[in-house]
Amino acid sequence: MRTMTSAQVRAAFAIRLARIYGEEVPLYATLVEVSQQVNRDVIAARGAGALKLGGVERVTAERHGAIRVGTPDELHQVGRIFAAMGMYPVGFYDLREAAPDPVPVVSTAFRPIDPDELEFNPFRVFTSVLVPDDPRFFDPGLQQELTAFLARRQLFPPELMPLADALATEGELPTEQAERFLKLAASAFELSPEPVEVAWYRRLERVSSVAADIGGVTTTHVNHLTPRVLDIDELYRRMTTLGVTMIPSIQGPPRWGGPDVLLRQTSFRALDEARPMRFEDGSVRAGTLRVRFGEVEQRAIALTPAGRDLIESFDTQIHQKMRDEHHGERAQVTESVWRAGMPATEESLLAQDLGYFRFAPGNPVDASVQAGGTPRARRVEGTAISALDLVRSGALIATPIVYEDFLPRSAAGIFSSNLTGAGTIDAEQAGTVRDAAWISRALDRPVHSGEALYERQSRESLVKAVKTLGLNPS
Ligand code: OOG
Ligand code: NI
């Protein structure tokens, strides 16, 4: 009997969503095409070095999706669907705290957590859940109506859920059932032809256009699907040359002349999409909504908590400099702050334990390197062996671990740069408590920490490489 594994279903699901999204948002095809041209050019110019953060097949196929749901029950179902495809919740993002444009959602991302699974297909989905009972956004009357509206709808067909559970438990399904799962799961994220109830949608939109996108309709859809590009500045230039209106900036850490870090993202502006609308007199007419956009991203090395703290401190410095002095353009100030404070090479990121690396055995080892032990550099557990010394002697090869997660500030920036209106918020009220533990309870599964996963990958690769070299950590 032919079967499909969870990983194969994940890869196929990413392709199906791309087909759906590409038909719905034609400019997406241009974005993918330009991304792939840029990737080919970067690989031609930089060779293998361009691919140390992921092989060519991985990067070419790599996408992240973004979806938005309304209730803990819907989130729970989403968790089952993604578990079927080997995708698990990682990280917690509170977009309600995002200045200057708070959005009434909290989020996590579903993704593979095992390095081999990520290399096979790294498809991930940024998933937001509405907080309809947050009094800063919704008054008591609206809270009640919204909660009742959400409780009545069903996003996923009942036939899908047992298929999802079987695939999650078995790790594979007979091909026919896997195909059925794929069809049902993908079509749940297709844009619905059902008319939008205009009065209800507009009421929510006055609070937040994201609230309207989630709670204003009885279905859900992919909000965006994001390809990965190896040079996002070049992608931005080429899209602009083609006449596509991009958001004004690239979000995330700057390009500054040293190693790129974490994640940089940009997007083209949300476009008018035709949606049938039902008006209060009962008539249905063609209308337009503007909620979906085309995002693109460049991924780089994952930073340790110390590395994250360091670049946070740059933001404070940049802010102060822009305020206190006439330093000129923000881009120049940013670059000078980064150049002054950030180690200029990957090796120095390793030396100061600011970035995560995985290790592989290099040249046969010279025993003398075992003695040293450079301060702050990664140690082989239970020994005085320093990974840095082994790397410097050529005994170990260190490769940066790619950042697989999201950045709360960029996510907020992406949300807000595509909003149709400012929305309203009552800052005097206390927010409803939502945290990683809440998401974990709603999903009935643990929410992983990205940092813990990078840390484990780094440590395990180090122990293995050192054993291969015959250094046997105790
Ligand atoms: C999600 C926005 C966040 C990202 O890449 O940071 C996001 C949304 O608009 O639903 O996708
Ligand atoms: Ni995104």
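**Helix packing, sheets and a ligand shell**

Biologist: How do helix α4 (residues 72-84) and helix α7 (residues 160-170) pack, and at what angle?

Modeller: Helix α4 (residues 72-84) and helix α7 (residues 160-170) pack at about 45°, and their axes are 7 Å apart. Helices here are DSSP runs of H or I with at least four residues, strands are runs of E with at least two, and both are numbered from the N terminus. The axes are lines fitted to C-alpha atoms, for helices over the stretch in contact, and angles run from 0 to 180 degrees between N-to-C directions. This is a predicted model, in which local features need pLDDT of at least 70 and side-chain atom pairs count only at pLDDT 80 or more, while totals for chains, interfaces and linings use all residues. Residues are numbered from 1 along each chain as its sequence is written, and chains are lettered from A and ligands numbered from 1 in the order in which they are written.

Biologist: Which residues make the contact between α4 and α7?

Modeller: From α4 they are Gln 77, Arg 80, Ile 81, Ala 83 and Ala 84, and from α7 they are Leu 160, Met 161, Ala 164, Asp 165, Leu 167 and Ala 168; contact requires C-beta atoms, placed from the backbone, within 7 Å. By class, eight of these residues are nonpolar, one is polar and two are charged, where Ala, Val, Leu, Ile, Met, Phe, Trp, Tyr, Cys and Pro count as nonpolar, Asp, Glu, Lys and Arg as charged, and the others, Gly among them, as polar.

Biologist: And what about α12 and α13, how do their axes cross?

Modeller: The axes of helix α12 (residues 305-324) and helix α13 (residues 330-341) come within 10 Å and cross at roughly 135°, and α12 and α13 are therefore oblique to each other. In this pair the crossing is right-handed. The residues in contact include Phe 314 and Ile 318 of α12, and Val 333 and Trp 338 of α13. Seven nonpolar, three polar and two charged residues make up the contact of α12 with α13.

Biologist: How far apart are the axes of α2 and α11?

Modeller: For helix α2 (residues 27-46) and helix α11 (residues 232-241) the axes are 10 Å apart, with a packing angle of about 135°, and the crossing is right-handed. Val 34, Ser 35 and Val 38 of α2 meet Glu 234, Leu 235, Arg 238 and Met 239 of α11.

Biologist: Switching to sheets: what is the strand order in the open sheet of five strands?

Modeller: The order is β3-β4-β5-β2-β8, with mixed pairing; two strands pair if DSSP finds at least two bridges between them. β3 pairs with strand β4 (residues 105-111) over five bridges in the antiparallel sense, and Tyr 93 stands opposite Ser 107 in β4.

Biologist: And the open sheet of three strands, what order does that one have?

Modeller: That sheet runs β7-β10-β11, again listed with mixed pairing. β7 (196-197) and β11 stand at the edges with a single partner strand each, so one side of each is left without a neighbour in the sheet. β7 and β10 run parallel and are joined by two bridges, with Val 196 opposite Met 277 in β10. Strand β10 (residues 273-278) and strand β11 (residues 284-289) run antiparallel, joined by six bridges. They form a hairpin with five residues between them, and Gly 282 in the turn has a positive phi of about 90°.

Biologist: Last one: which residues are around ligand 1?

Modeller: Around ligand 1 are Ala 66, Arg 68, Phe 126, Ser 128, Asn 223, Gln 265, Glu 295, Phe 406, Ser 410, Ala 411, Ile 414 and Phe 415, each with its C-beta atom, placed from the backbone, within 6 Å of the ligand. The elements giving two or more residues to this shell are β2 (63-69), β5 (124-130) and α16 (408-417), and α16 gives the most, with four residues. The shell has six nonpolar, four polar and two charged residues.

Technical notes
A crossing is left-handed if the near helix is turned anticlockwise from the far one by less than a right angle, and right-handed if clockwise. Two residues are in contact if their C-beta atoms, placed from the backbone, lie within 7 Å. Angles under 35 degrees count as roughly parallel, over 145 as roughly antiparallel, 65 to 115 as roughly perpendicular and the rest as oblique.
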